[in-house]
Amino acid sequence: MRPVSVWQWSPWGLLLCLLCLLCSSCLGSPSPSTDPEKRVGSQGLRFRLAGFPRKPYEGRVEIQRAGEWGTICDDDFTLQAAHVLCRELGFTEATGWTHSAKYGPGTGRIWLDNLSCSGTEQSVTECASRGWGNSDCTHDEDAGVICKDQRLPGFSDSNVIEVEHHLQVEEVRIRPAVGWGRRPLPVTEGLVEVRLPDGWSQVCDKGWSAHNSHVVCGMLGFPSEKRVNAAFYRLLAQRQQHSFGLHGVACVGTEAHLSLCSLEFYRANDTARCPGGGPAVVSCVPGPLYAASSGQKKQQQSKPQGEARVRLKGGAHPGEGRVEVLKASTWGTVCDRKWDLHAASVVCRELGFGSAREALSGARMGQDVSKRYECANFGEQGITVGCWDLYRHDIDCQWIDITDVKPGNYILQVVINPNFEVAESDFTNNAMKCNCKYDGHRIWVHNCHIGDAFSEEANRRFERYPGQTSNQII
C-alpha cells in the first residue's frame, strides 16, 4: 500500500505526518489452551471489568499491579488482545472490544499502552507493549472488552470479575439544592451526588469532614472548599426526600478522586438509611479561570497579586503543561522522580485548579528551548505544542521550520518518497503543491493539488512565479 500524507499548518511550522496504511487479514478467534494449569492468569496481577452500563461479561479492563488498579490504553488494541484479556478474566474468548472509554473513564495509572498480542498468549505479560506504566494516553482512551458469556472450565484464580452488584464511584457532581433556574455556572455549592447503576444518589453526611469536601471540590476542578450554612441545608433536608447510596466516607484529603477514599455503599435491603443525618453538602472556591461570574473575575483581577512562582508551559489546554518553578529569578523544571498524583495535585491547586487528573512523566509536555516530534492520538484536531492529533496511530512527524520566514505569499511543495526508495505501483501522486499565505502569526493553505491532478494551466500558474528558489510569490 502507498504512504499517505496528513499535514497541517501551525504558527510553529508545517506538520507533515506520514501514515502508512497497512492491510492485514483478520485473524480468527484463537483456541484457548486446554491445560487448566495454564489458565491461572498472570502471576502477581489481578483483573476485573468495570464501568457501566454493561453486562457481567463486558466492561472497561482494569489491572491491579503492585497493589494499584489501572487501565489499558486503546492505542493499537485489537481483538487478539481482547482474547488474551478475556481468558485472564476467566472467559473462553472475546467477541469484541471497545475504545475511547465506552464504559466510562477509569482512574489511577494507565498500565499498558500500544498493547500488541497475537491472541495465543497465555498471559498479557507475554504481549508486546510500551512497558508497564509507560503511556501517552488519557483515561478518555481506556479500552474495554466484550467477552463470550462462557467460562473456562477448571478456571481457578483470584482474579476479580466486577459484576453488577459490585459498585464503584466513577462520577460525582454537585446539585444545587434550590432548583437550577438562572444559577451561575459553574455550580460551586450544593448536594454531593454520586452516579450508581440505578441513577444519581446522595451521600449521607454522618461523619462528613472538610477533608471529604476538599477531595470532592478538587475532583470537580476547584482548588479549595469553604464552610456551608449547615443549618439551612439541614432544615431544607427535612422538607425533601432523598435517595442515599453512600455513607461512611472518610478521606485523608490528598486523594485525587472520591473513589480512592474509604467509603461504604448501602445494601439493597437497608430500610433506614442515614438515620439522624442528611445529604452531604459542599461549597467550593472557584479558581481564576472558573470564577462563577464576571463580577468575581473583576474582583479577582483587582486584587494585588505577587509574582507567580509556578507555571505550566507547553500544554495544549489550560491546566496542563510542563511544570516550571521560579527560583533566584530563573525558571527551571521539576524532575519526575517520585512524581505522582499527590504532588501534581499540589501544583494544580496552587495554580487555581482542582486535583490533578494525571501526573505525566518522561517530558511528555516537551523538554525546556526543545521540540518534540512524536504524535499521539489525543488532543484537539490540529497541531498543539507537543505535536498531538486525533489519528489513531503512532506516527512520526516532520516539521518545516519557518522561524526566519517573512510574512508573504508562498508555494508549499511536499514530495513523498522523492528518491523512490519505497516500491510503489504508481509514483505520480507523490507530489503536492499548495498556495499558502503567512501573516507572521498564522498560515492559510489553499488550492492544493497532487502532482498528477494539475492541468497544464495550473502548472504554468505555479511555475511562472518569480522567486521560485525560495518558494516566495513576489
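This is a predicted model: local features need pLDDT of at least 70, side-chain atom pairs count only at pLDDT 80 or more; totals for chains, interfaces and linings use all residues.
Close-up 1. Strand S13 spans residues 244–250, and because five of its seven residues are buried, the strand is largely enclosed by the rest of the structure.

**Close-up 2. Strand S13 and its partner S11.** Strand S11, made up of residues 199–203, pairs with S13 in the parallel sense, with two bridges between them. One of the contacts to look for in this view joins glutamine 202 to phenylalanine 244 of S13, its bridge partner.

**Close-up 3. An open sheet of three strands.** The strands follow the order S16-S17-S18 and pair in antiparallel fashion. Strand S16 (310–313) and strand S18 (330–333) form the edges, each pairing on one side only, and the twist from one strand to the next averages 35°. Between S16 and S17 (residues 322–327) there are four bridges in the antiparallel sense, and valine 310 stands opposite valine 325 of S17.

**Close-up 4. Two nonpolar cores.** The largest nonpolar core comprises 25 residues, and those with the most contacts inside it are Ile72, Phe77, Leu85, Leu115, Val124 and Val145. At least two residues of this core come from each of several elements, including strand S3 (45–50), strand S4 (58–65) and helix H1 (79–88), with H1 giving the largest share, five residues. Another core, of 21 residues, lies apart from this one and has Val203, Val216, Phe222 and Cys261 among its members.

Definitions and conventions: Residues are numbered from 1 along each chain as its sequence is written. Side-chain values use heavy atoms; hydrogens and water are left out. A nonpolar core is a set of buried Ala, Val, Leu, Ile, Met, Phe, Trp, Tyr and Cys residues joined through side-chain atoms within 4.5 Å. Buried means under 20% relative accessible area, exposed over 50%, partly exposed in between (1.4 Å probe, protein chains only). Two strands pair if DSSP finds at least two bridges between them. Axes are lines fitted to C-alpha atoms, for helices over the stretch in contact, and angles run from 0 to 180 degrees between N-to-C directions.
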